[in-house]
Amino acid sequence: MKRVRISQQEIVFAVFAALFLTFSVFLSGFLSADNMLTLLQNVAVLGILGLAMAIVVIGRGIDLSLIAALAVPGGLVLQMVQNGHSLPASLLAAGLLSIAIGLVNGWLIAYAEVPPLFATLATGLFVAGLGQAALFQLDVVQWSDGMAGFERLGQGSILGIPTSIVMFAIACVVVFILLRKTRWGAYIYAIGDNPFAARVTGIPSRPIIVLQYVLAALIGCFAGLVLAASVNSMPTRIFNSTLIYDVILVVVLGGIGLSGGRGGVVNVIIGTLLIGTMLNGMTILNVPYAGQNLIKGLVLLVAVITDTLLNPRNEETAQQGDI
């Protein structure tokens, strides 16, 4: 009899469906149209960051500088406009800063061979410190008249759908095309699956690794702009929050293994839906912040252990190692 293998993606989707059904039946107001739109809108930025992290993790890396890449370039746009610069020039400066963050990360990891965990942690701390010391006048950079109209990126709607959700959907399509329809995407999967074999077959591993981190930083910047447009400000100290752990939670819960080479956009969407449903339900129930972190950690642990038991590693995958 052929053994049925259940993937972590299927497990997490089942958990999401069960949780959604439970909240729908027992939690008053959960299924209201306003709450559903609020749920989706609140996780849009988290989902976009999840896409950025997915590109890196699929290539067997990790990026702890993502929140700094969200806060500093996004805050730079608001600060430059506030200081009298044009919006296009400010957006260009933010884009160049994001590319620089990605290039530094990529060079440290691909050429200097610094482990991704330490390289991106150091870069994130440096960028966050740079913003606080030299770029921003206040911890919360406020909206200004020069940003008029840009708030539609996070506050408007298209055909009744909040624009932030549309931005997440567009990002999903772009990342899907990159990963599944381009040679670069195939290279990322190959490097994540077996970096040594990828190099032997002639894949330009080092430039592709640099590309991964540049793309992640640019997507992080995009998430920051959506966030800033949603709240009409940029709380630059967001990099001191636990948001990076939520991003990792989305990716790992969705079924993108930290050993690399598997997963995609669908996994990020499933992970985002689960985390979004959990956070929304716990908010309605007035669960304390510490309690929310405890529950999220428990769910991650159960999902990973269950997947390990149902899909044990074979000798080949065990030799590939983890981050």
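Contact here means heavy atoms within 4.5 Å of each other. The structure is a predicted model, in which local features need pLDDT of at least 70 and side-chain atom pairs count only at pLDDT 80 or more, while totals for chains, interfaces and linings use all residues. Residues are numbered from 1 along each chain as its sequence is written, and side-chain values use heavy atoms, with hydrogens and water left out.

**The nonpolar core**

Leaving aside neighbours within four places in sequence, Leu70 is in contact with Val45, Leu49, Gly220, Ala223, Gly224, Leu227, Met234 and Ile238. Leu70 and Met53 have the most contacts inside the largest nonpolar core, which has 91 residues; such a core is a set of buried Ala, Val, Leu, Ile, Met, Phe, Trp, Tyr and Cys residues joined through side-chain atoms within 4.5 Å. Buried means under 20% relative accessible area, exposed over 50%, and partly exposed in between, with a 1.4 Å probe and protein chains only. Helix α11 (residues 205–231) gives the most to this core, with 15 residues; helices (H or I, at least four residues) and strands (E, at least two) are DSSP runs, numbered from the N terminus.

**Helix α13 and Thr277**

Thr277 is placed in helix α13 (residues 265–284), and with a relative accessible area of 1% this threonine is buried. Apart from neighbours within four places in sequence, Thr277 is in contact with Phe16, Leu19, Phe20, Phe23, Phe30 and Leu39. Helix α13 is mostly covered, since 14 of its 20 residues are buried. The expected span of a helix is 1.5 Å times one less than its number of residues, so the 20 residues of α13 should span 28 Å, which agrees with the 28 Å between its end C-alpha atoms. Just after α13, Asn286 takes a positive phi of about 60°.

**Salt bridges**

A search of the whole structure finds two salt bridges, each being a side-chain nitrogen of Lys or Arg within 4 Å of a carboxyl oxygen of Asp or Glu.

| Salt bridge | Closest N and O atoms |
|---|---|
| Arg206 and Glu113 | 3.7 Å |

Because Arg206 lies in helix α11 and Glu113 in the loop between α5 (87–110) and α6 (116–135), their pair ties together parts that are 93 residues apart in sequence. Arg206 counts as partly exposed at 25% relative accessibility, whereas Glu113 is exposed, with a relative accessible area of 56%. The other pair links Asp139, in the loop between α6 and β1 (140–142), with Arg237, in the loop between β4 (233–235) and α12 (243–254), 98 residues apart. Asp139 counts as partly exposed at 36% relative accessibility, and Arg237 as partly exposed at 44%.
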